[in-house]
Amino acid sequence: MIKIGQRIKGLRERMGIKQQRLADMLKVSRPTISQIENEERKISVDELIKLSEIFNLSIESLLDLEKEPEVILSEGSRGRDVKKERKVKPQIRINVPQKNLEKFKEIFLYILNKIGSKPNIGETVVYKLLYFIDFDYYEKYEEQLIGASYIKNQYGPTPIEFKKIVDKMIETKEIEKIESRYFNFPQTKYLPLRRPDLSKLKANEIELIDDVLNRISDMNAAQISEYSHNDVPWITTQDGKIIEYESVFYRTAPYSLREYDEDI
């Protein structure tokens with residue numbers, strides 16, 4: 001297990017959060033964050049829980065007890081970068097095909113252009129919107145739309161590929177990331193810098209996306225997280241594991257969840 005201070009520093013820097021910003025989130029002083037990162041101060045249980053919420057990781061992942069999957073964006077490349085990364089860190093890899101990457105970008109931009117200006121639409125809400133779009137589509141058409149991989153954690157389903165793809169979209173100036181506050185809580189928002197290419201979205205895809213947005217986009221982060229906790233795919237998945245798309249069919253299974261648990 002790596003030292004927790006190094007882990008926190010690495011996660012903070014990867015998310016582009018300054019020490020003072022993290023201190024404000026934890027309600028401690030900036031020197032305290034420096035002491036934690038330099039292994040000069042221990043972390044309380046409450047602080048550990050809060051950090052897992054800030055970084056959107058389970059406590060096990062935060063402590064590096066579970067290896068984070070490595071996300072590789074396949075943008076029509078020759079595979080050169082993939083070979084290079086395999087030498088660095090053997091771990092679970094999630095390869096995002098070009099078609100999935102394009103679909104993710106356009107759907108994300110569609111969401112941001114349509115409802116991104118709402119004050120409640122921060123990163124956590126976007127995670128859950130993408131989850132319901134993906135799983136509702138699979139339940140209706142038995143095929144993937146975005147096809148992201150969602151991890152079950154205590155705050156609801158989290159798309160593993162999100163940060164890697166978003167970082168790429170920031171780099172290519174398709175979106176802008178801003179830190180704000182929502183009812184005195186820190187919030188990460190994304191602003192679209194271009195319109196979505198609707199030619200890459202089918203009519204039935206747009207219809208389903210609109211249905212999800214109309215149904216749950218007015219919820220805040222706490223409400224939509226709680227709502228996702230009542231979804232059968234989330235309920236039937238172990239903590240820290242990837243939620244299987246096939247589990248959407250348990251929503252309408254002809255037997256109870258108790259019977260399902262007994263079967264497995």
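How many aromatic pairs does the count come to? The count comes to 16, and a couple of them make a handy way into this structure, which is a predicted model.

Let's start with phenylalanine 108 and phenylalanine 162. Their ring centres sit 5.5 Å apart and their planes meet at 70°, so this pair is edge-to-face; the label applies to planes over 60 degrees apart. The two partners come from distant parts of the chain: phenylalanine 108 belongs to helix α7, phenylalanine 162 belongs to helix α9 (residues 162–171), and 54 residues separate them. Both phenylalanine 108 and phenylalanine 162 are buried.

Now look at tyrosine 131 and tyrosine 150. Here the ring centres are 5.6 Å apart with the planes at 75°, so this pair is edge-to-face too. Again distant parts of the chain are linked, with tyrosine 131 in helix α8 and tyrosine 150 in strand β3 (residues 150–153), 19 residues apart. Tyrosine 131 counts as buried because its relative accessibility is 0%, and tyrosine 150 is buried with a relative accessible area of 1%. These two tyrosines also belong to one aromatic cluster, whose other members are Phe132, Phe135, Tyr138, Tyr227, Tyr245 and Phe249.

Back to helix α7, which spans residues 98–115 and is also where you'll find asparagine 100. Is asparagine 100 buried or exposed? Asparagine 100 has a relative accessible area of 14%, so it counts as buried, the cut-off being under 20%. A polar atom of the asparagine 100 side chain lies 2.9 Å from the backbone oxygen of isoleucine 146. Setting aside residues up to four places away in sequence, asparagine 100 touches Ile146 and Gly147.

With 0% relative accessibility, leucine 22 counts as buried. Which residues is leucine 22 in contact with, leaving aside neighbours within four places in sequence? They are Ile8, Arg12, Ile17, Ile33, Leu51, Ile54 and Phe55. Take isoleucine 54: it is 32 residues from leucine 22 in sequence, yet their C-alpha atoms are 8.6 Å apart in space.

Finally, some open space. The second largest pocket holds about 680 Å³. Its lining takes two or more residues from each of several elements, including α2, α4 (45–54), α8 (123–141) and α11 (221–229), along with strands β5 (175–182) and β6 (185–192). In total 27 residues line this pocket, and Glu53, Thr124, Phe185, Pro186 and Ala221 lie nearest its centre.

Note on methods:
Residues are numbered from 1 along each chain as its sequence is written. This is a predicted model: local features need pLDDT of at least 70, side-chain atom pairs count only at pLDDT 80 or more; totals for chains, interfaces and linings use all residues. Side-chain values use heavy atoms; hydrogens and water are left out. Buried means under 20% relative accessible area, exposed over 50%, partly exposed in between (1.4 Å probe, protein chains only). Contact means heavy atoms within 4.5 Å. On a 1 Å grid over the protein atoms alone, a cavity is a set of points where a 1.4 Å probe fits but cannot get out, and a pocket is an open set with protein on both sides within 12 Å along at least five of seven lines; lining residues have an atom within 4 Å of a point. Grid points are joined across faces, edges and corners, and a volume is the space filled by probe spheres set on the points. Helices (H or I, at least four residues) and strands (E, at least two) are DSSP runs, numbered from the N terminus. A polar contact is a pair of N or O atoms within 3.5 Å; within protein, one must be able to donate a hydrogen and the other to accept it, and residues adjacent in sequence count only if both atoms are side-chain atoms. Rings of Phe, Tyr and Trp (its six-membered ring) pair if their centres lie within 6.5 Å; planes under 30 degrees apart count as stacked, over 60 as edge-to-face and the rest as tilted.
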